[in-house]
Amino acid sequence: MSNRGSFSNKLGFILAAAGSAVGLGNIWSFPFEVGAGGGAAFLLVYLFFCFILCFPVMVTEIAIGRKTQLNPAGAYEALGFKKWRILGLLGIISGVVILSFYNVVAGWAFGYFIELLSGHFEIGSQFSTFIKDVFKVGLYAMVFMFVTAFIVSKGVSGGIERASKILMPTLITMILGLVFYSLTLDHAFEGIKFYLVPDFSELTLSVMGNAMGQAFFSLSLGMGALITYGSYVGKNDNIVTSAAFITLADVGIAFIAGLMMFPMVAYLTDGTMEGAGQGAGLIFTVLPGAFESLGPLLGVLIGSLFFLLLSFAALTSTVSLLEVPVAYIVDEKKIKRNRAVWIMATIIFVLGIPSLLSNGYSGFFSSFITYVGAENATSFMDFAQNVANDTFLPLGGCLISIFAAYAWKTKNLNEEIALGYPNYMGSFIQKYLNFAVTILCPLVLGTMFLLTLLQTFFGVTLF
Ligand code: PHE
């Protein structure tokens with residue numbers, strides 16, 4: 001076990017886990033999900049899921065990882081529950097699917113860095129042509145996967161930890177600067193209103209389902225990424241405060257990304273907010289125009305730096321996504337780490353090709369499937385997101401709670417948490433976490449999972 005590596009200290013783990021959580025989920029998909037979900041109503045549900053339901057799942061994942069020091073599949077088995085291995089495998093598969101399309105979007109972000117570096121602000125209006133250019137985007141995605149694999153092959157503390165430490169604080173500073181700038185733009189107020197004043201008529205089941213999926217995706221939960229990272233955590237660390245920090249950092253960054261985006265959308269649409277619901281292209285179509293308005297020099301500087309840092313944020317997430325299947329084959333199949341890394345990276349890159357082709361290049365993958373009752377076809381990439389983010393992750397979160405409460409038992413969960421948290425037993429947080437894993441999470445996540453599954457894929461709306 002000793003050559004699995006470990007984080008050098010508590011801060012190293014927190015930063016790496018926060019690096020996993022903070023990524024395209026916060027800056028790319030959060031704003032477009034808010035936009036498509038009608039604004040503030042989505043935001044409220046999202047916050048509810050993050051703090052009330054996801055937080056207990058996060059503590060549980062880290063505790064399982066630290067207890068067993070294993071990958072997700074091995075972890076359940078090591079605790080004495082062989083049948084639950086399947087839950088670990090579901091997580092590993094989710095990770096592989098997510099990384100396959102995530103890497104393509106990371107390629108877009110990296111490509112935008114290059115475009116803006118050369119002052120090509122028109123790229124915003126040419127987004128749909130850009131993503132169709134599969135050779136160019138494919139090359140960027142390949143570079144991205146290569147760098148990811150390189151870092152993962154360097155091991156836990158050398159690569160993953162070091163990369164997270166400098167880049168995250170720089171990105172946050174940069175977004176905050178852009179928030180101030182965007183608040184000075186014309187119509188900024190309309191954007192803020194859209195983002196922060198809820199219109200409850202927008203609150204449909206599918207908006208709630210998307211908010212749930214987005215919460216799990218953004219917090220890197222439900223697939224065992226944090227079981228894997230938890231397996232590298234020291235026994236004296238306080239899991240609860242670490243999880244609280246990770247959740248706050250992740251939600252905080254998503255929130256300020258929204259503050260940055262919506263005034264810009266308002267500015268570019270004269271306050272109408274039309275196009276806020278356009279989906280995956282939102283930041284890529286909106287931001288270049290806003291950067292251009294900073295003037296040629298500052299625009300190039302800030303614009304390219306922004307997309308460079310976004311690429312780095314994505315990188316600390318792709319690293320954690322790749323680490324999950326790698327830890328699995330290193331532990332279970334006894335393959336050397338280095339080989340495991342390059343084999344998995346190649347497989348996942350190839351699995352990402354349908355996503356790459358599904359943005360206009362191939363008709364087949366662009367209109368891959370039409371859900372029952374839906375008007376339009378869904379692309380392969382959106383389908384993969386619906387399956388992994390909105391379905392597998394919440395299901396995984398629900399089952400992890402059920403596992404902790406009814407198989408492993410809350411007593412053992414509590415003991416593991418208490419190792420690094422002397423006053424834990426009998427505290428309010430202990431009572432809350434136990435209530436959440438035994439009742440709240442299984443019930444709410446299970447129900448939401450079934451309802452959104454029926455609605456998204458089969459067009460059945462029960463209420
Ligand atoms: N949380 C990451 C993001 O927001 C994505 C991710 C999901 C990473 C699941 C690991 C596991 O970009």
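Around the ligand you will find 14 residues, with Ala 21, Gly 25, Tyr 102, Phe 217 and Ser 220 the closest; a residue counts as near if one of its heavy atoms lies within 4 Å. The model is predicted, so local features need pLDDT of at least 70 and side-chain atom pairs pLDDT 80 or more, while totals for chains, interfaces and linings use all residues. Residues are numbered from 1 along each chain as its sequence is written, and side-chain values use heavy atoms, leaving out hydrogens and water.

By class, the shell holds six nonpolar, eight polar and no charged residues. Here Ala, Val, Leu, Ile, Met, Phe, Trp, Tyr, Cys and Pro count as nonpolar, Asp, Glu, Lys and Arg as charged, and the others, Gly among them, as polar. Helices α1 (10-21), α2 (24-36), α10 (205-218) and α14 (296-332) each supply at least two shell residues; helices are DSSP runs (H or I, at least four residues), numbered from the N terminus.

Now look at the polar contacts (pairs of N or O atoms within 3.5 Å). A backbone N or O atom of Ala 21 lies 2.8 Å from a ligand oxygen, and a polar backbone atom of Phe 217 is 2.8 Å from a ligand nitrogen. Ser 220 places a polar side-chain atom 3.0 Å from a nitrogen atom of the ligand. Taken alone, the ligand exposes 330 Å², and the protein buries 100% of that (Shrake-Rupley method, 1.4 Å probe).

Terms used
Polar contact = N/O pair within 3.5 Å; in protein donor to acceptor, adjacent residues only side chain to side chain.
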